[in-house]
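My notes follow in the order in which I checked things.

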Amino acid sequence: MKLFTNKIGYLTIALALTVSSCSKDFLSAVPELDLSDATVFNSPARVLSQVNGLYGSAKSGSLFGGRYLIYNDIRAEEFVNRTTNSVTGYSTYQGNQDPSDTYLAGFWIQGYLTINRANLFLEGLTANPNAVSSTLAANYRGEAKFIRALTYFSLVQFFAKPYILDKGASAGLPLRLKGETSSAGNNLARSTVAQVYDQILKDLNEAETELPDSYASALLNTTRAHKNSAIALKTRVLLAKGDYAGVITEANKIVSATAPFRSNTRVAHTLQSDVSAVFKAPYTTTESIFSFPMEATNPPGTQNQLGYYFNAGNVEYYLNTGSTGIYSNPQFAATDDRKTKLTVATTAIAKFPSSTKFSGVSPYIDFVPNIRYAEVLLNLAEAEAEGGNINRAIDILNAVHKRSDPSYVFTGLDSKANVVKAILTERRIEFLAEGFRANDVLRRGESLNSFGAGAVIPPSDPRYIYGIPLVETQTNPGIGN
């Protein structure tokens, strides 16, 4: 498909940030829109502007700045639509999205545009070995590979069958690893899901070695990838593969063996005593491993914003208080901070409970969390329960839950099945409105309970995954079915 440009410069968003800066200048700088191929690598500042451009592309409201998270949540049972607005994911909510859906096409296009930008940048960095120091070059390569891996992983979750169903043997995605500036590479078949996962993990393993231990400020440690970011993302990918031993190995790099569970290397990641602090300015706690920053000059864009969908901005979707929703689950008690501080019973718009994790309204500049330390801990807990030390799994589960509800006592954790169930329930509570729900169901090969469709959708149902967008099948004759 036509994702290319005829000048590398069009792929940059020049955000005036230096590696040592702790300011927010990079969030509001004016883009450089038209640099020639000969000049985009002619100064360290311009090289850095391309790196920042990769993050800018990934944080688009069509991708990780909004719709990726939103669609994962509204596909399942946690939210109820209020408006029947076709622009805000109503077809996805109802489970009747199809390949002609322009918003899913937008997600696909923005994803591959981001991947292509990463590919072009990596090739340009190789072709210009003296553009920056070898240390910075490694840093930037690691960031580009991290962004490429994150994007491919998110696309393969949406548009291909879960790895666990057939160990990745089914059709995955066109695996584009070369920068494209013409239509010559349009004809490309889908690689298998396993091949896509292999590339994702290759990128992340290489990124881990190339990325720095940390940056000079909490802002940069939150908004730019470092070694712990790559490790944390690997735990997510390996969990989706069902590689529990791999999850344990990676998580142990940044999680202490016993409570209090924290990272003792590089960035000192740990749970915050008050979970609500993670979602408040400046959004840079040590629980925030990787987030996409927003600013008034470049917010997620119209009807892409998390606050618009889930909070007082418009409340497109309110919380399901019925028996299938997590809001009424006994594990999510009335005394839980995640309920008392991160939801509201009614708003002026909707007389039903709503999430307030993203509490800002226009211009919606809440940072968008992508990886939190709580996720790493629950990834590890699930892996330990499934194939490791079940007592450690319970200890980690308690650590996450009791930071928000200290008086809660788990019961019935007398079997592997019950422990796993409690951990999966905890994920529904902890990551409500953060874009995990549908993927957590699909990665385990379970049926999707779609409130909007009014149906339980099994893996054999065509609605279980998204079809390849029409915009791709029309321009890529090799895509197949």
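This is a predicted model: local features need pLDDT of at least 70, side-chain atom pairs count only at pLDDT 80 or more; totals for chains, interfaces and linings use all residues.

**Entry 1. H2 and H5**

With that term in hand, I looked at the pair H2 and H5, and their crossing is left-handed. The axes of helix H2 (residues 67-74) and H5 cross at roughly 30° and come within 12 Å of each other. Angles under 35 degrees count as roughly parallel, so I put H2 and H5 down as roughly parallel to each other. I then listed the residues that meet: Tyr68, Tyr71 and Asn72 on the H2 side, and Ser154, Gln157 and Phe158 on the H5 side. Sorted by class, this contact has three nonpolar residues, three polar and no charged ones.

**Entry 2. H13 and H14**

Next I took helix H13 (residues 373-387) with helix H14 (residues 390-402). Their axes are 7 Å apart, and the packing angle is about 155°. Angles over 145 degrees count as roughly antiparallel, which means that H13 is roughly antiparallel to H14. The crossing of H13 past H14 is left-handed. From H13, I found Leu377, Leu378, Leu380, Ala381, Glu384 and Ala385 in the contact. H14 supplies Ile390, Arg392, Ala393, Ile396 and Val400. The class count for H13 with H14 is nine nonpolar, no polar and two charged.

**Entry 3. Nonpolar cores**

I asked which members of the largest nonpolar core touch the most other members. They are Phe121, Phe159, Leu173, Val255 and Phe310, in a core of 127 residues. Helix H5 (residues 134-159) gives this core its largest share, 13 residues. I also found a second, separate core of eight residues, with Ala76, Val441, Leu442 and Ile465 among them.

I followed up Phe310 and left aside its neighbours within four places in sequence. Phe310 is in contact with Ile70, Asp73, Ile74 and Phe79, and also with Tyr317, Ser354, Ser355 and Ala433.

**Entry 4. Arg427**

Is Arg427 buried or exposed? Arg427 has 3% relative accessibility, and buried means under 20%, so Arg427 counts as buried. I placed Arg427 in helix H15 (residues 416-430). Not counting residues up to four places away in sequence, Arg427 touches Leu239, Glu375, Leu378, Asn379, Glu382, Leu432, Phe436, Asp440 and Arg443. One of these, Arg443, is 16 residues from Arg427 in sequence and 13 Å away in space, C-alpha to C-alpha.

**Entry 5. Backbone**

Most residues other than glycine have a negative phi, and most peptide bonds are trans.

Where are the cis bonds I noted? Pro282 sits in the loop between helix H10 (244-251) and strand S4 (288-292). Another cis bond runs from Ser362 to Pro363, with omega near 15°. I found Pro363 in the loop between strand S7 (354-355) and strand S8 (368-372).

Tyr364 also lies in the loop between S7 and S8. Phi of Tyr364 is positive, near 55°. Tyr364 has 10% relative accessibility and counts as buried.

Thr84 is not glycine either, and its phi is positive, near 55°. I placed Thr84 in the loop between strand S1 (79-81) and helix H3 (90-94). With a relative accessible area of 51%, Thr84 is exposed.

I looked up Pro458 in the loop between strand S10 (455-457) and helix H17 (470-473). Pro458 is partly exposed, at 28% relative accessible area. Leaving out residues up to four places away in sequence, Pro458 touches Ser447 and Tyr464. The C-alpha atoms of Pro458 and Ser447 are 4.3 Å apart, and the two residues are eleven residues apart in sequence.

Last, I took Ala45, which lies in helix H1 (residues 44-58). Ala45 counts as exposed at 57% relative accessibility. From Ala45 to Thr209 I noted 164 residues along the chain, and 24 Å between their C-alpha atoms.

Technical notes:
Residues are numbered from 1 along each chain as its sequence is written. Side-chain values use heavy atoms; hydrogens and water are left out. A nonpolar core is a set of buried Ala, Val, Leu, Ile, Met, Phe, Trp, Tyr and Cys residues joined through side-chain atoms within 4.5 Å. Buried means under 20% relative accessible area, exposed over 50%, partly exposed in between (1.4 Å probe, protein chains only). Helices (H or I, at least four residues) and strands (E, at least two) are DSSP runs, numbered from the N terminus. Contact means heavy atoms within 4.5 Å. Axes are lines fitted to C-alpha atoms, for helices over the stretch in contact, and angles run from 0 to 180 degrees between N-to-C directions. Angles under 35 degrees count as roughly parallel, over 145 as roughly antiparallel, 65 to 115 as roughly perpendicular and the rest as oblique. A crossing is left-handed if the near helix is turned anticlockwise from the far one by less than a right angle, and right-handed if clockwise. Ala, Val, Leu, Ile, Met, Phe, Trp, Tyr, Cys and Pro count as nonpolar, Asp, Glu, Lys and Arg as charged, and the others, Gly among them, as polar.
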